[in-house]
Amino acid sequence: MLLKTPVTFDVSVWELFWPLMVGARLVVAEPGGHRDPAYLVDVIVENGVTTAHFVPSMLAVFTAEPAVARCVSVRRVFASGEALSASVASRMRGLVPGVRVHNLYGPTEASVDVTFHEVTDADVVGVPIGVPVWNTQVFVLDGWLRPVPVGVVGELYVGVCSWRGGIGVGWI
């Protein structure tokens with residue numbers, strides 16, 4: 001796992017702790033290295049990095065670097081923090097054979113991500129925010145807090161389970 005996100009950004013939490021929780025190796029990029037696509041390619045190639053996270057605007061810059069095709073060890077790319085365009089996701093999938101690109105969505109109040117979607121060939125117009133992550137529910141509701149049909153505009157509500165003293169739902 002490549003840790004390149006500054007620790008002041010909430011995404012760094014999962015970049016830092018996920019590999020440690022599953023016994024993976026953590027490769028730490030130099031400060032400011034997250035801004036330099038050529039440097040990131042070198043770090044990924046030299047260390048055999050398999051998993052990396054990008055804010056979509058930085059993924060766009062990264063995939064514009066021709067040397068990204070050398071990153072054959074990468075198996076998973078996660079994108080969050082902004083809307084992921086279909087063209088950027090497709091470009092990443094085309095540069096590195098077998099890479100799986102995942103779109104993650106989460107409002108700041110939820111403290112990182114609440115939904116995920118693995119990008120497929122069908123995602124040509126846009127990339128959906130996907131389905132809820134474990135232990136989370138999402139609802140699209142109207143102004144009266146009623147569920148809206150698919151395709152109707154509403155607001156996203158997030159429900160999380162609390163395991164203390166039984167199951168309850170807390171709303172964000």
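Start by selecting Asp142. Asp142 is buried, at 17% relative accessible area. Buried means under 20% relative accessible area, exposed over 50%, and partly exposed in between, with a 1.4 Å probe and protein chains only. Asp142 sits in the loop that runs between strand E8 (136-141) and strand E9 (155-162). Helices (H or I, at least four residues) and strands (E, at least two) are DSSP runs, numbered from the N terminus.

Before moving on, note that this is a predicted model: local features need pLDDT of at least 70, side-chain atom pairs count only at pLDDT 80 or more, and totals for chains, interfaces and linings use all residues. Residues are numbered from 1 along each chain as its sequence is written, and side-chain values use heavy atoms, with hydrogens and water left out.

**Glu15**

Go to helix H1 and select Glu15. Glu15 is buried, with a relative accessible area of 0%. Show the side chain of Thr5: it makes a polar contact with the side chain of Glu15 at 2.6 Å. Then show the backbone nitrogen of Lys4, 3.1 Å from a polar atom of the Glu15 side chain. Beyond four places in sequence, the contacts of Glu15 include Met1, Leu2, Leu26 and His53. Contact means heavy atoms within 4.5 Å. For scale, select Tyr157 too: its C-alpha atom is 26 Å from that of Glu15, and the two residues are 142 apart along the chain.

**His34 and helix H2**

Next, pick His34, in the loop between strand E2 (27-28) and H2. His34 counts as buried, at 18% relative accessibility. Leaving out residues up to four places away in sequence, His34 touches Lys4, Pro6, Leu40 and Met58.

Step along to Asp36. At the start of H2, a side-chain oxygen of Asp36 comes within 3.1 Å of the backbone nitrogen of Ala38. Colour the buried residues of H2: Pro37, Tyr39, Leu40, Val41, Val43 and Ile44. They pack against strand E1 (2-3), E2, E3 and H3. After H2 comes Gly48, with a positive phi near 60°.

**Helix H3**

Which residues of helix H3 (residues 56-63) are buried? Select Pro56, Met58, Leu59, Phe62 and Thr63. Look down the axis of H3: these buried residues fall within an arc of 155°, so they line one face of the helix. The arc is that of the directions from the helix axis to the C-beta atoms. The buried residues of H3 pack against helix H2 (37-47), strand E3 (51-54), strand E4 (76-79) and helix H4 (86-95).

Finish with the largest pocket, about 440 Å³ in volume. It is lined by 17 residues, and those closest to its centre are Trp14, Val112, Asp113, Val114 and Val133. On a 1 Å grid over the protein atoms alone, a pocket is an open set of points where a 1.4 Å probe fits, with protein on both sides within 12 Å along at least five of seven lines; lining residues have an atom within 4 Å of a point. Helix H1 (residues 12-22) gives the largest share of the lining, 3 residues.

Notes:
Points joined across faces, edges and corners; volume = space filled by probe spheres on them. Polar contact = N/O pair within 3.5 Å; in protein donor to acceptor, adjacent residues only side chain to side chain.
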